[in-house]
Amino acid sequence: MHYADLVKKRSAPGILLLLFIIGLRIMMSWTQWPKEIFESELFSSKYYASGFLFNSLGDLLLTVVILAYIFIFAYTWLIQSKKVESNFKSKMLIVLIFYFTFIFSVLINYLLSGLIINSQISFDINNIFQLTVFTAVGMIVIGILLSTFYLLCDGSVLIIRKTKLSLSSVAILFLVSQGLFLISLLLLRNNNLFTDYGVSAFLLANILIIFIGYIRSTELRLFSFSRTVLVILVFSVYTAQIIYSFNETREKEKRQLLAAKLENEQDIVAEFLLQQVETRIRNDRELIRMLTLPPQVIFYSPEIFENLSRHLTKQYFNGYLGRYEASFKFFNAQDLPLNRAGDPSWNIDKIKRINLTEGRPTASHNFAYFRDENGRAQYIGILQPGGNDSPVGTLIVELNARSTQEEIGLPELLLSNKVGNSRDINKYAYARYQNGKLVSQSGEYNYYLTDAPYMQYFRNLDGMRFVSFDGKQHLFYKYGKNLIIISSPLQGLWVWVTLFSYLFTFFSFSFLVLSIAIRFLRQGFDLQFNFNSRIQLTITMIVAGTLLLIGAATVTYIVKNYEEAQTKRIREKLHNLRVLVESEIGNRELIGNMLSDDLQYLFTRLANTLKTDFNFYSNDGRLYFSSQRSIYDQNIMAPLMNRTALISLTTNQKALFIQSENISNLKYTAAYEQVSNINNKQIGFISIPYFDRDTELKRDISGFLVALINLYVLLFSVSILIAFFISNRITQPLRIIQESLSRTKLGTVSEPIIWKTKDEIGALIDEYNRMLEQIQKSAQLLAKSERESAWREMAKQVAHEIKNPLTPMKLGVQHLMRAIDDNHPNKDELVKKISVTMIEQIDTLSNIATEFSHFAKLPKPEYTKVELISVINHSCDLYNEDEHAKIVFENSSETLEVLADKDQLIRIFGNLIKNAIQSIPYEREGKIIISLKEESDAVIVCIQDNGMGIPKDRLNKIFVPNFTTKSSGAGLGLAMVKEMVVGMGGQVWFETQQNVGTSFYLKLRLGNK
């Protein structure tokens, strides 16, 4: 079967499988089958979505894997394909290939920008606590895309090399394709595909093409440890730059959204809680009872509304809503104010009108949002206790944000999934200016009291602008007469270096695992690594193990110190709180399971003032008071003291008890202590639930841990490079010895190794040089002995060959002499007959002498680039005159250069064609077919005949110098052929089938190798 047909036959199943996989992928996206997979979080669009085939991170992963398979299939087919003709079409093909390579870099950049900017997946390597399994999947996607791009660049270079164009022509075509791409980039810059395309992606394409082109044009292997590390290094630099840039873009967009939210500054958490409590307020029995009291009772007891206000504050406006200062206005069923105290602004119709016209709507239909004259948030609610159908009165609730709103407790426990997390703003420092004055600020950055010092940054601004100063990057948002500034630390070089370290480690580890997996599939459990690889793996494992042990010990020490410091802080905080509580209630008697309203109000004010959540329990462990009462009202926790703590403080008589507790998945530290009155009598227990908001450990020591981990990853990355250089340094003399040994051949002069350092390697090399001298001497003696032995054997063979024709010659001469002496009547005819015999035998002797002379005195070859096609055509023309056999040369190439000696090449083909003709019986119509098969660095010539073939018992003697299967000749032809082919750096072998024919194969090096 012809080679091209073989390629097509092997490609057809692969193409069908490829089309099936692509069709299956489209069908899966269209039908969302299998359902179990597409309902998993990996295929959820809430993390990432960008189009039909990229509707989720799982879809993106599947599509990228299929894309990689397509390129692997095309690459495999490309390696097997034949040479491309060098003409105008091939030049246009090169331009298109380069252009497509740059376009593919645009696609990679587009996918990465969508994966980082337009997704909920964190790629902030410097905040490892935010990284999830989706981050790892995203990194795998990036790795597959970059590997595919490398394969594309290598395939492009292979196609270009098959055209046989000169380097200057390829360089010009490369620049032309670059120009076309840059023009396309300028014209399509506003297209989504090209919007985020940067210099780094363009440089990556150029570096890979030039690097692979250089490697492919030399004798270097494409994959070696040093070049693999270099490629991983380039990929890590590119990916670090992309992630760093896109993370910065993503962070800026997030700050812009936060600035827009701060413009409104409606508290969605508070609004959700108001929505939850308004129904309870309307049905509050105490409130309904007070509003239905007779007027005279209200007139003579005005303090009842002060107590009612305390009651409402205690029951409904504590915890998170304690961030707001609550005040109340009470109206009866006739809309008359009950606690006006002479204030003429208490007009219920006016309040309703203001809420409707000037207030902003909220999640609660009964509350409206305002901003007071100081720029602080304000909520005003209109509630009708008893129900809207038959209200007993009206309650006006006014909530004014306190000057400081540090969050205490965990309101997330009270929220549903409908309310988003508002903690993003806590990552930044921000300030709000109203009419030029600072009205609120948060964070560590120290802002000015007026916006005058920032005037240069927003003088003509109407919108948003980023400005960097004081080591921070500030977002200025100017709207009307108001200004919002959101600040975050500048991302320095250290962030990029850390990111690069993580990526280099990840890519190196992934490549190592993939390489071991491939080797395992090929070799099974018997994995073999060379000495260099073992050194590198050993150094890397030692460094990694050491870093892990030091890191684990350091983290353990830090966590332990943190826990001790946390316990000390809790102890001090609980002690101070207990002293304050005892000073307030030390002379009071607690009756029943309820605190009085004034104590409830007192404790609420104390929690808000100290910004500390605490619980107060009775002696039997029942809850009296909680600053986060809603947690217990909604049955998130039971209103009982922890049993272990109660036993420890009562039965075991402990003064203090601290333990870890949890509410669902939320972990916190709880501290308990007894509370006594002025008579030193126990009246209850006080507890501080020390909540870990985003976990206290993360908040207090995450920065240090991240810095430590980043440093260790950087050290690990450096260790990989050090391992590479150390192993190369150690194995360099071994490689020198290996190369020298590979060049050492019997009969040739081998140069000794020069090593100046007097060390163990130097001693080894000295011993090698000494052995080399002995080997050369022994080789000379052996060669001399072999030559003498060979010549003796050859002399015997030649003597035998000469002796064979001499015997019939002697007999013929003696017979002729007797005929002459006897005057034989047919002596003239006898003389003629004997003369013919003598001439034949003399020709045989001449042939033997000629073949022996050629074998003994082969001329010194001169290996140059020889045009193979013309040599074969010449040999075919020379022997095609023989009517006994027809010679057919199957060839589609016009020119093909090999590295050989032209005279030897002519003799080689002459011998093989002559042998092929002689092997065909006279009764058979002879046919000799010569064909070529071009490989990446060599060409295989096949000379096939339909002769008698070679018997099995003679197969191993074909290339022996004194062996022949013919009735004449010295058997030196094929021996000469093998010696000449091997001398050219080629190979010769044969395949035969008795009575069918024989095929001789010559493998010759191409002229460019």
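A salt bridge here is a side-chain nitrogen of Lys or Arg within 4 Å of a carboxyl oxygen of Asp or Glu. The legends below describe close-up views of a predicted model.

**Figure 1. Arg578, Glu582 and Glu673 form a network of salt bridges.** Arg578 takes part in both pairs described here. With Glu582, its closest N and O atoms are 3.1 Å apart. Both of these residues belong to helix 17, which spans residues 531-585. They sit four residues apart, about one turn of the helix. With Glu673, the closest N and O atoms of Arg578 are 3.0 Å apart. Glu673 lies in strand 14 (residues 666-676) and Arg578 in helix 17, so this pair ties together parts that are 95 residues apart in sequence. Arg578 has a relative accessible area of 14%, so it counts as buried. Glu673 is buried as well. Across the whole structure, a search finds eight salt bridges.

**Figure 2. Glu935 and Lys1003 meet in a salt bridge.** The N to O distance between the two side chains is 3.7 Å. Glu935 lies in the loop between strand 19 (926-934) and strand 20 (938-944), while Lys1003 lies in strand 22 (residues 997-1005), so the pair ties together parts that are 68 residues apart in sequence. Glu935 has a relative accessibility of 29% and counts as partly exposed. Lys1003, at 25% relative accessibility, also counts as partly exposed.

**Figure 3. Helix 5 packs against helix 8.** Helix 5 covers residues 133-162 and helix 8 covers residues 199-216. The angle between them is about 50°, and their axes are 9 Å apart. That angle makes helix 5 oblique to helix 8. The crossing of helix 5 and helix 8 is right-handed. Helix 5 contributes Leu146, Phe149, Tyr150, Cys153, Asp154, Val157, Leu158 and Arg161 to the contact. From helix 8 come Leu204, Ala205, Leu208, Ile209, Phe211, Ile212, Gly213 and Arg216. By type, the residues of this contact are twelve nonpolar, one polar and three charged.

**Figure 4. Helix 4 packs against helix 6.** Helix 4 runs over residues 88-116 and helix 6 over residues 167-187. They pack at an angle of about 45°, with axes 9 Å apart. Helix 4 is therefore oblique to helix 6. The crossing of helix 4 with helix 6 is right-handed. On helix 4, the contact is made by Lys91, Ile94, Val95, Phe98, Tyr99, Phe102, Ile103 and Val106. On helix 6, it is made by Val170, Leu173, Phe174, Val176, Ser177, Gln178, Leu180, Phe181 and Ser184. The residues of the contact divide into 13 nonpolar, three polar and one charged.

**Figure 5. Asp470 and Asn680 have positive phi values although neither is a glycine.** Asp470 has a phi of about 55°. Asp470 lies in the loop between strand 8 (463-469) and strand 9 (472-479). With a relative accessibility of 58%, Asp470 counts as exposed. For Asn680, phi is near 60°. Asn680 lies in the loop between strand 14 and strand 15 (682-691). Asn680 is exposed too, at a relative accessible area of 65%.

**Figure 6. Lys329 is a buried residue of strand 1.** Strand 1 comprises residues 324-332. Lys329 has a relative accessible area of 17%, which is under the 20% limit, so it is buried. Leaving aside residues up to four places away in sequence, Lys329 touches Asn339, Trp346, Ile351, Thr394, Leu395, Ile396 and Glu398. Of these contacts, Trp346 is 17 residues from Lys329 in sequence. The two C-alpha atoms are 8.0 Å apart in space.

**Figure 7. The whole chain gives the setting for the close-up views.** The chain holds 26 helices and 22 strands. It has 1009 residues, and buried residues make up 43% of them. Among contacts with a separation of 6 or more, 67% join residues 24 or more positions apart.

Conventions:
Residues are numbered from 1 along each chain as its sequence is written. This is a predicted model: local features need pLDDT of at least 70, side-chain atom pairs count only at pLDDT 80 or more; totals for chains, interfaces and linings use all residues. Side-chain values use heavy atoms; hydrogens and water are left out. Helices (H or I, at least four residues) and strands (E, at least two) are DSSP runs, numbered from the N terminus. Buried means under 20% relative accessible area, exposed over 50%, partly exposed in between (1.4 Å probe, protein chains only). Axes are lines fitted to C-alpha atoms, for helices over the stretch in contact, and angles run from 0 to 180 degrees between N-to-C directions. Angles under 35 degrees count as roughly parallel, over 145 as roughly antiparallel, 65 to 115 as roughly perpendicular and the rest as oblique. A crossing is left-handed if the near helix is turned anticlockwise from the far one by less than a right angle, and right-handed if clockwise. Contact means heavy atoms within 4.5 Å. Ala, Val, Leu, Ile, Met, Phe, Trp, Tyr, Cys and Pro count as nonpolar, Asp, Glu, Lys and Arg as charged, and the others, Gly among them, as polar.
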